[in-house]
Amino acid sequence: MPDSISVSDFVAETNEDFKAPTTSSFTTRMPECRSTVIALEEGLDSDASLLHKIKKSLKAIHSSGMAHIESQEQYFQSLEKFGQRFLSKDDDCEIGSAFIKFNLLTKELTALFKNLVQNMNNIIFFPLESLLKGDLKGVKGDLRKSFDKAWKDYETKLAKIEKEKREHAKQHGLIRSEIIPGEIAEDMEKERQMFQLQMCEYFLKVNEIQVKKGVNFVQNLIKYFQIQGNFFQEGLKAVEDLKPSVEKLASNLVTIKQNQDGERKQLTQIRDMLKASMQAEQKEDLQLKQSAGYSLHQLQGDKVYGTERDGVLYKRSEGLRRVWQKRRCFVKNGFLNICHGTSNRDPAKLNLLTCQVKRNPDEKKSFDLFSHDRIYHFQAEDEIECQIWVSVLQNSKEEALNDAFKGGSNEGENNIVQELTKSIVEEVKKMNGNDRCCDCGAAGPTWLSTNLGVLICIECSGIHREIGVHYSRIQSLDLDVLGTSEMLLANNVGNASFNGIMEADLGPQGITKPDPSSDMQTRKEYITAKYTEKRFARRLYTNTESRQKALYEAVRNKDVLSLLQVYAEGVDLMEAVPQPSEHEHGETVLHLGVRMADRNSLHIVDFLAQNSPNLDKQTAKGNTALHYCCLLDNRECLKLLLRGRASVSITNEAGETPLDIAKRLQHSTCEELLTQVQTGKFNVHVHVEYQWRLQNEELDESEDEMEDKVSPIPSRRDERPISCFVPSAALQPSLAALARDAASMVRDKQRPPIPSSMISNETYGTAMDFSRPPPRPSPPPLPNRGLNKGGGASGGGIAKPEVGRQLLPVAPPLPDNWESKTVSAKNHPLPPVPSPPAGPPPVPPAPSLPPPSIHKPPPLPPHQPNYKMSGPSGPLGPKPPMPPPGQPAKCFCIKMQQQKPKRVKAIYNCSADQPDELTFKEGEVIVVEGEEDHDWWIGHVEGDPGRRGAFPVTFVHFISE
């Protein structure tokens, strides 16, 4: 294809041809002129297509803009009428004036937007439409018709002249192969000039179109840009004019809402009172229906004895001497009241909904009462009296349960969750620093930040809501109905500890903290800097690696204040952190928290769940923290994650959702919770089972107990965790035994936490089933045994391996380069996620002890702990001195007193898990040699002195000589 010719070249060639036609080379450039016209035509056609699309878009914008303006006009007109209705009421003038102000703002912004849309239509759309319908209409073909005709005429005339020249030469006997342009220049002058004229006309038309679609179009866009700038400036000015009124209104709305909430609370109380009054006549029938339809598999009392009783019981104290004390007790309205030894103290009041009654199989006239934080041991005058008390307690509890589930008039009194929440709130208010607002120091704060665990005043709470729930989630302690899950962090953080971290650098920066008289703007600037920028927190870690290490240590040690410190330094809580004991690659600390969680550390998981931007991070195998909860049957962590809006639809690499795992492993509670989320029935104010450590001022403690508690206690090393003992004759563990284990765990607050998969003690889930007697009595919980007596990382007494109870294996401890920041008994190995059980786990054989001498049994060597806790300075404390060879360890065995029985008989199977413990079977006779303490004795199996070691007293009974 010939090259194109530019406009300047065309002008130069035409001028030369006009002056000297015979010597001009224009005829050789004519094909280039034709090629240029074709290329220009194709370019104009493409430009026309794009301009058509721009026109179509502008038309759509204009149409939608006018529709938007129409909707805006209807909106502010309705808003104005709505505000006028409020202004007609004297008590709602402030609300009405707010609606009118927003109506005026919307009207002004709508007028500016309408002007913007109209200018776009006039400045851009109309000129573009004129260009497309005028100059660019039919640009392909029509624009070059004259040029094509001139080209055709020139070609025809040239062919005719060349033919004549050839014939003339032939007549003279010559042969002409080509015609020289100079020979025919004069003959072709007219046609050539016509071609040049049409080419010039075409260039002029193209130039005009290019100006309109280029320069003129851009000038129109510049005009519209200036109009857009005016639109935004005028709109911003209108918003700024209204801003002071809006800020004042925001502070007033808090007071208005508080008044309305108070009215709603009063109306709710009146409604409940009226509803209860109307249902009074049907109360008896409803009680009968409820009692017939609800049992919870609990022990059924004899209805003959009723639900109330007043009398005297003997209660065993919890001190070191454990004496029996005579106490007046009475049962009424679902509560057991225990009078103190002195009349000037109010009786201790126990809610039976939180308690469980169990007869003592060894003492026919004794029974135990398990509460959420203590075990009470009672003894009646005789066996019949004991049966009456147990029946009355169960009948009263059943009546309270029916009333609670029925929603009767005393629902508030009997609702254990509400009672517990109220107690927690009272404890939180008594914490250090919680009597003052965390931000301004105002007295008596009543608003709680549930994700940070601090109390603030009503003025500061409005600003907390303004900065967003991703920084602070505000609830009222007085007006909102809170669940126990929302009190976890408040129970473990508090204002003093929180400010000790978040305001650690306040003094060095020279910042003055707001006071109760500070205005809202001062409070806002301070709270924004404190919570969103975390400006006043001291930076303890220099790089990302050290912060990640500190994050791991904080979660592993279950140290919420260390976790708060790394949070204040801006660490990403959901970033995958290298873990020496991770179960799957890519675990976050939330996965670790779920794996380690127990009833003492739920607040760690709660902090991560509420302050993390994304709860759905997956491991390399696709498991989220929800998957871990369902694998471990960790229903308490599951509640916290579901409250934090974790996704229930994510699948792992096996294609399983958390609900699929719960169904496969038959974890019914997890399955029920996930189903509630999918059906929209999940209650975010959920109750969680947690060791609240409430300071119960009503505990029945005698002078003997108080003396025992203040007397110096010999130092003992940390005790072993509770073992999970399963009876040989039953395929399911006794719920009563599990409840006793859970209660005994509460009694000793220094005991290491128990993995959540080992003990289940829900508020209503531990009620006993005595509808049919068990094949044999369940064994008692294994008593505590110090490390110097063989305590290790696990407890003793796992009997009958055919039951198939699977315990979580432990992960390796931290390497030396990951030194623990806080040396604590909490640094126990992490339990990884268990695989689905393929069968009964093997039980290790009982270790055999070396046979003693025939004349005198050798003393047992002192047992050293089988775990290490690393700290900044190496092992924890100095090593205890070892006794000389051949000498027994001091104070290891206390010789039996004369009144102790010499022989005992085993009533349960027991497998030892330490080298110095004794393995025995039911029915074997054990000869007692001495005692370690009150709960563990030393002895050997009668007739087999080689089988010798420590054994629990509760697993044997005495043989009278």
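Mentor: Let us begin with one residue of this predicted model.

Trainee: Where is Asn-333 found?

Mentor: Asn-333 sits in the loop that lies between β2 (324-332) and β3 (335-338).

Trainee: What is to be noted about the phi of Asn-333?

Mentor: The general idea is that most residues other than glycine have a negative phi. Asn-333 is not a glycine, yet its phi is positive, at about 55 degrees. Arg-645 also has a positive phi, near 70 degrees.

Trainee: Is Arg-645 buried or exposed?

Mentor: Arg-645 counts as exposed, because its relative accessibility is 67% and the exposed class begins over 50%. Arg-645 is placed in the loop between α20 (635-643) and α21 (658-664).

Trainee: Which residues does the UniProt annotation "repeat: ANK" cover?

Mentor: According to the unreviewed UniProt entry, that annotation covers residues 621-653. In the model, this span is 52% helix and 0% strand, and its end C-alpha atoms are 5 Å apart.

Trainee: Which residues form the negative surface patch?

Mentor: Glu-108, Glu-234, Glu-240 and Asp-241 form it. Helix α6 (residues 189-278) supplies the largest share, three residues, while Glu-108 belongs to helix α3 (residues 93-133).

Trainee: Which residues make up the nonpolar patch?

Mentor: That patch consists of Ile-270, Met-273 and Leu-274, with about 300 Å² of accessible area together. Leu-274 lies in helix α6 and is partly exposed, with a relative accessible area of 48%.

Definitions and conventions
Residues are numbered from 1 along each chain as its sequence is written. This is a predicted model: local features need pLDDT of at least 70, side-chain atom pairs count only at pLDDT 80 or more; totals for chains, interfaces and linings use all residues. Side-chain values use heavy atoms; hydrogens and water are left out. Patches are made of residues with over 30% relative accessible area and no salt bridge: like charges are joined within 9 Å, nonpolar side chains (Val, Leu, Ile, Met, Phe, Trp, Tyr) within 5 Å. Accessible areas come from the Shrake-Rupley method with a 1.4 Å probe; for residues, only the protein chains shown count as cover. A salt bridge is a side-chain nitrogen of Lys or Arg within 4 Å of a carboxyl oxygen of Asp or Glu. Lys and Arg count as positive and Asp and Glu as negative; His and the chain ends are not counted. The place of a charge is taken as NZ of Lys, CZ of Arg, CG of Asp or CD of Glu. Helices (H or I, at least four residues) and strands (E, at least two) are DSSP runs, numbered from the N terminus. UniProt positions are given in the numbering used here, feature names are shortened, and annotations may be inferred rather than shown by experiment. Buried means under 20% relative accessible area, exposed over 50%, partly exposed in between (1.4 Å probe, protein chains only).
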